[in-house]
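Visitor: I would like to learn how to read a model like this one. Could you take me through it step by step?

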Amino acid sequence: MFGFLKGLAVTISRLPKKKVTLQYPEVKPEWPERFRGIHEFIPERCIVCNQCARICPTSCISLSGTRGEDRKLRIDTYDINFEICILCDLCTEVCPTEAIKMTGEFELAAYSRDQLYKNMEWLYQNYLRHSGAKELEAGTGETGGPGEAGVGAAAGGGAASEQKAGGTDE
Amino acid sequence: MAEIRTEEMLMNVGPQHPSTHGVLRLVVKLDGETIVDVDPVVGYLHRGTEKLAEDLQYTQIIPYTDRMDYLAAMLNNYALVHAVEEAMELQIPERAEYLRVIVMELNRIASHLLFIGAYLLDLGAMSPFLYVFQDRERILQLFNEICGARITYNYMRIGGVKWDAPPGWIEKVQQFVPHMRESIKMLHDLITGNEIFLNRVKGIGAYDAETAIAYSLSGINLRCTGYKWDLRRNRPYSIYDRFDFEIPVGKNGDCFDRYILHLEEMEQSLRIVEQACGQIPEGPVMGKVPKILRPPAGEYYSGIEGARGELGVYFVSDGKDKPYRLKFRRPSFVNLQLLPSLLKGQNMANLIAILGAVDIVLGEVDC
């Protein structure tokens, strides 16, 4: 009987303690800097070395690039299939130019499987939402001054490649 | 009065049952309340890790090991990288070894905490589960800071670790140690003396050291019989020979001994963490390793003391960057083999108490 009461005393002593539960959807958790969430991708930095696609244990990255007029490789498409991505961080580890990085974003639930295929545009937007926004605030952004210019460049690049693709079709 | 006709009954416990800790199915043959026969059916969580590994480079296998024993993924990480390092005879920087030991022992504590919480939940006590999760949460928070994940760490690399500890991390671990000691005391007060709990576990599911060795049990399932066998001492790996710690052993080999050993091992792990935090040197965390890892052709085996027993990695290399064959010796799977003979003749209500004390993780049983 004594041991039983001793246990009860522990329970009662815990009653006035502060609650530790996080009311999740209302209160978001704060993740540390190294948190491995959904990727972000910066097309300007990518040199199409294909290392991320090769190291990926589940082969969830597919990418393609073309050689521009200045003999430099330029990324055209970059897709991550989050149905099979295990967020292991090996792709960001091998990336020599830090074109692919991980953010603190972790909410991936979707209503259809198709929505889990994220393309380059989505991943770049994810960059603007996370690191990009932070870098702009700190004034250390890769794109320099105004954010609009960066978006414009990427969108322009995308449009150009589409035009090119259209051109080859004709 | 005419004699009542009785017959044996077949009952499925699981695969979807909260007390089987995952997707284990036990086909129980019952005679009234007494268990006549038990047939554990495994494989509901089989993902073919060993076969997948044959098509992966050694670095790429590390995230897969996270998903075997998902309560002690750091130890799984280490088992694999240690086997490859032994095979390639790589030099590991001191700081990396110390960081590995700290995270491994913290992970052992987290895993044992969850055992205690889940075991008491099996026996019908709700509050210990909530208490241990608070402490486990602190450990997971520390892991989140050092490697960016709470469960699937993928922290170790062949030749070192992925990241150095962030500034102030070691101090946080040092602050955690006394806090955890308090928590262990609290758990003793809360559970160890409780008469209801003692009646459920004392003398239940007992076996002797001979049986344990015959079934090649390891870890706490072996030590609870009084047989002192811990790979950290008996076959020292990493830098465990530098630390001063004891191997707690039981004597009756029953469920209570297995429970109390988990608590005592946590204290020893805290001692190791404390010493490692004091001794940790500065320096690099990644050794010089070739870009493409090609262990020389041959067969290699290395075992470490996992949270549940001897966690072994056996692989055959044919000199290429991928293993020819990789086999994990998972302690949960081996320890589970004793269950049918242990349960025969027991009361049905003891099934959960005995199964829970074996401390299996289904991700590891099925691999």
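Visitor: How much area do chain B and chain A bury between them?

Guide: The size of an interface is often given as the accessible area lost when the parts come together. Here chain B and chain A bury about 2,400 Å² between them, 50% of it on carbon and sulfur atoms; buried area is the accessible area (1.4 Å probe) that two parts lose on being put together, summed over both. Before we go on, this is a predicted model, where local features need pLDDT of at least 70, side-chain atom pairs count only at pLDDT 80 or more, and totals for chains, interfaces and linings use all residues. Residues are numbered from 1 along each chain as its sequence is written, chains are lettered from A and ligands numbered from 1 in the order in which they are written, and side-chain values use heavy atoms, with hydrogens and water left out.

Visitor: How many residues does each chain bring to the contact?

Guide: Chain B gives 34 residues and chain A gives 27 residues, with contact meaning heavy atoms within 4.5 Å.

Visitor: And how many salt bridges are there between chain B and chain A?

Guide: A salt bridge is a side-chain nitrogen of Lys or Arg within 4 Å of a carboxyl oxygen of Asp or Glu. There are four between chain B and chain A. Among them, Glu93(A) meets Arg157(B) at 2.7 Å, N to O, and Glu93(A) also meets Lys162(B) at 2.6 Å, N to O. That Lys162(B) pair runs from the loop between β5 (160–161) and α6 (169–192) of chain B to helix α3 (residues 90–94) of chain A.

Visitor: Now chain B itself: at what angle do α4(B) and α14(B) pack?

Guide: Helices (H or I, at least four residues) and strands (E, at least two) are DSSP runs, numbered from the N terminus. Axes are lines fitted to C-alpha atoms, for helices over the stretch in contact, and angles run from 0 to 180 degrees between N-to-C directions. Helix α4 (residues 94–122) and helix α14 (residues 348–358) of chain B pack at about 175°, with axes 9 Å apart. They are therefore roughly antiparallel, a label for angles over 145 degrees.

Visitor: Which residues in α4(B) meet α14(B)?

Guide: Phe115(B), Tyr119(B) and Asp122(B) meet Ile352(B), Ala353(B), Gly356(B) and Ala357(B) in α14(B).

Visitor: In what order do the strands of the open sheet in chain B stand?

Guide: The order is β1-β2-β3, with antiparallel pairing; two strands pair if DSSP finds at least two bridges between them. Seven bridges join β2 (residues 25–31) to β3(B), and Arg25(B) stands opposite Val41(B) in β3(B). Helix α14(B) lies across β1, β2 and β3 of chain B, at about 150° to β2(B).

Terms used. Angles under 35 degrees count as roughly parallel, over 145 as roughly antiparallel, 65 to 115 as roughly perpendicular and the rest as oblique.
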